[in-house]
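Student: Please take a close look at the aromatic side chains here. How are the rings placed, and what surrounds them?

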Amino acid sequence: MNKHFPGKKNLILLLFLLSFFSSKAQNFTVSGRVTDENGAPLDGATVLEKGTKNSTLTKTGGVFQLNVSSGNAKLLVSFVGHEPQEIAIGNKADLSLSLKSSNDALSDIVVIGYAAIKRTDVTGSVAGINQQDIKSRPVTTALEAMQGKIAGVDVTSNTRPGVLGDITIRGVRSLTASNTPLFVVDNIPLSTGTIDNIDPNDIESIDVLKDASATAIYGSRGANGVVIVTTKTGRNGKMVLSLNSSATFEKIHDGDVMMNSAQYIDFRRWAYYYSNPASFPRGDQPTIANDKFIFLASADPAAWSNIAKGWASGKWEGSRVATTDWRGMVSQTGVTNTQFLSVSGGTDKVKAYGSFGYLNNKGTSLGQSFTRYSGRSSVDITPTKWFSMGSNINVSYNIQEYGQSATGSSAVSATQSIYESARALFPYAVPYDSLGNRVLYPGGDAAFKTIVNELNYTKDERTNLRAFGSFYGQVDLGAVIPVLKGLKYRLNFGPDFSLYKDGVFVDGQSVIGAGINRASLAKGQAFSYTLDNLVYYNKTVKEHSFGITLLESYTKFSADTSSIAALGIPFSSQLWNSLTQANISPSNLTGYSSNLTQYQLLSYMARLNYGYADKYLLTASIRQDGSSVLGTGHKNATFPSAAVAWRMNRERFLENVSWVNELKLRFGVGVTGNSAIAPYSTQGAVTPLFYPFLNSTTAGSLPSGTLANQSLQWERTTQYNAGIDFSILGRRIQGAFDVYTSKTPNLLLQRAIPTVTGYNNIYANIGATANKGFDLSLYTVNVKTRNFMWTTTTNLSYQKEHIVSLSNGKQNDINNLWFIGQPIGVIYGYQSAGIWHYSDSSTFKQFNANGNVFSAGNVRPVDQNGDHKIDPNNDRKILGNTRPNYIVGMTNTLSYKGFELSAFLYGRLKYWFSTGGEAEGARGTQRLINYYTENNQHSAFQKPIYTAGSGDPYSVILGYQRASFIKVRNVSLSYNMNPAALKRTGISSLRLYAQ
């Protein structure tokens, strides 16, 4: 061969060069547009030529252009929160791609405090919800939307419009301080309040920082967890107009079935019999004479006329007596109307978002309502490549009609709501007498006043104007000076202003009135601001990535309040609006006050984010807070944290394991604080004292009963967290599992001191609590076909806190129900052994010989030490905890073409609740129960004994109940119109739904 072809090597070289230039000549330019499933453009999506590093990002409107090797190349298109797509070019020069929204929990962007990163890069325990979760069921605040949706977060409910439930993250830690988390809105921590003033439709996402390695970035404010809210902003592309309108209907479903007239009349007869068998006949042997006495015939002839119907034939027939539905008179169908309108859009230079929301919530009880007007605007301006600035402004005005007021109530019949007042009225009593006049005390007992026309006699109106926002300016120094690439400076300013008013008027005829008109007016305003100076530096050196955040933060808070209250308001129509000297005599002025509260917080923070080869991650931070509320020398505290993560799926031994998509191990530790002391508590307050002397008054002051402690420090919590994030089987199973333990060793508690010091008590850093538990978040795609998909989202958390020590070391504090080794909230009392029976007479006589008074039909407490004596020192025990150990939420979603059916289950498990038992004093009304009589000796509840007091002293122990529940919280059926069918209308998406 070599002999005949001496130029073989040259020929091979020639062929290689021809091949090379031939391939270069095949370069192909492709352009296109990337949108989401609703047709909205995706700016910043990655378009990559498969098998190469050749890529580009989509620009404004989702458009892109890329030179590829040939028309036979394939493109990989990806965007955060959407399913990646692979497409063959097929010599097409123009492509249109639509990416479906992904439920991949590991691909989201999350906010971790002063920064946003990919969830895959998170080292701490962070979870959250997005706009889709918020819209999944009807809610008036985003706080409600979090219920059952985030593992480790417990949100309770409140039925009164405008009143929020409680929220805790991973249980409670403090005995006397607040356990409410810190709320951060658009990078600005809120000094007061929660997120109830923000329309849920304005919220893009909510991220919850749960472990101390994540919350320590907020130092002395992060011990109870951090809720970070990111609101909506404008985006590149065409203007988008969104309208959300809904109506929700609610009714009260009261599980307590009350006795009707006949049942209650029998019940009260037995109660009188058991109170004095010698004077009253058995309940099943009634007489008219006794009934006239028992049911106060002369005090309320109208009620007696109703009872007399049962005696019309000369023989008692209880079915003839009518039953008044008092609760129905104050109940109504609650209607909630929401209207929300928003506009957004923008260009590379300017992006804007604006919205207006209206909420009107008419409660299920008369007189209760809540109205909220909210407006929001967001503008982001990028005039040059090195400078940007923007603002987010939220304004809301709330009007709450609280309904029947409980403020300063003085009547014996006072309750917390008009519904409770109605439930307290006798079923046999009637609202009007024979002449049509309002019966003031139905049934004749002065302790139970009518609720008829109550709306005319009481008013409690609460208004609140809230305006807060965030303003920022950012300079990209690297865009100006290339050697400083990655260095940015940002200034954040967050003002917060609120103005509230609470006006209360109670007529003397009100159910909670005491015969004389009274009114009060409380006003207050608060202003706070936070000023942050931030420096960011990001650098990548080969496989090493560095992110540094430096912070200086200053917060100032100031609030002033005033109030006045008086009796004898001359004209009811004036309500609280004329509390003047001309209308109110000095003797009727029951109270007035004014107050000013101020405090400041100065903080410094540094954080390092480090990654190696995108598989070994480290986050370390340290923050120092200086607070004005603590004593000199103890104002400053330092809060460090560190967390590491290992992305195992990036290791070679898992590269070829196709069923593992993401696998990350995490471990973190951090120290956080709790601003648990009120301003001025360390200064030794004084109490004013006035000495009347002849015609003048000399003012002086005395120290308060609490000794000032200049050594008070923050409560500090140290928490350890270990977790795993995973996504397997083609991302059909995704989730996160965390276990944690924490300890708070220096609780702020008040302890007694010898009175010879001149004081009664002192606040000190004493006592300790501990907490442990786990969180599980799981998302599964159970069935997936071309047109049908069934998915399940599950959140499960376990939490158990306990008290380690108290002010006296390991000694229990029974007065406060604090017990060493037990949860912070417990039910402590006598254990129930049911009811005493005649067959137990020999036994209960032994108790009676030791001072107890038991008889057949009484409640039988357990004698814990067997000494035949029931006493509080030896026979009470801890029966259970009052906060759930387990919280669970589960959402099942079935999708078929445009239809979607979802069901949300919510549960709180393994805890106890005290219903208060059934006193059965028979002076008031009674729910329908199985109670003891001579004809029903095997009952669940004791015998009734008429008394104006509390009845059986041990009746409460029959009310201790296990409170666990799992309920279907919401069922939703919706239809999403096909975007293609809507294209001609100009509407990008339209969803019709019923819930």
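Tutor: F653 is exposed, because its relative accessible area is 53%. The cut-offs are simple: buried means under 20% relative accessible area, exposed over 50%, and partly exposed in between, with a 1.4 Å probe and protein chains only. W646 has 30% relative accessibility, so W646 counts as partly exposed.

A word on the model. It is predicted: local features need pLDDT of at least 70, side-chain atom pairs count only at pLDDT 80 or more, and totals for chains, interfaces and linings use all residues. Residues are numbered from 1 along each chain as its sequence is written, and side-chain values use heavy atoms, with hydrogens and water left out.

Back to the rings. The structure holds 37 aromatic pairs. The W646 and F653 rings form an edge-to-face pair, because their planes stand at 70°, with the centres 6.5 Å apart. To pair, rings of Phe, Tyr and Trp (its six-membered ring) need centres within 6.5 Å; planes under 30 degrees apart are stacked, over 60 edge-to-face, and the rest tilted.

The rings of W836 and F854 are a tilted pair, since their planes meet at 40°; their centres are 5.4 Å apart. This pair links distant parts of the chain, 18 residues apart. W836 sits in the loop between β40 (832–835) and α12 (841–849). F854 sits in the loop between α12 and β41 (859–861). Helices (H or I, at least four residues) and strands (E, at least two) are DSSP runs, numbered from the N terminus. Both W836 and F854 are buried.

Aromatic residues also gather in a group. One cluster is formed by Y264, F267, F295, F426, Y428, F448 and Y931.

Two rings carry an arginine over the face. R160 lies over Y402, at 3.8 Å from the ring centre. R490 lies over Y472, at 4.1 Å from the ring centre. The criterion is NZ of Lys or CZ of Arg within 6 Å of the ring centre and within 35 degrees of the ring normal.

Now the setting. The protein chain has 14 helices and 48 strands. Of its 995 residues, 47% are buried. Among contacts (heavy atoms within 4.5 Å) with a separation of 6 or more, 67% join residues 24 or more positions apart. The C-alpha atoms fill a box of roughly 140 × 70 × 65 Å, taken along the principal axes.
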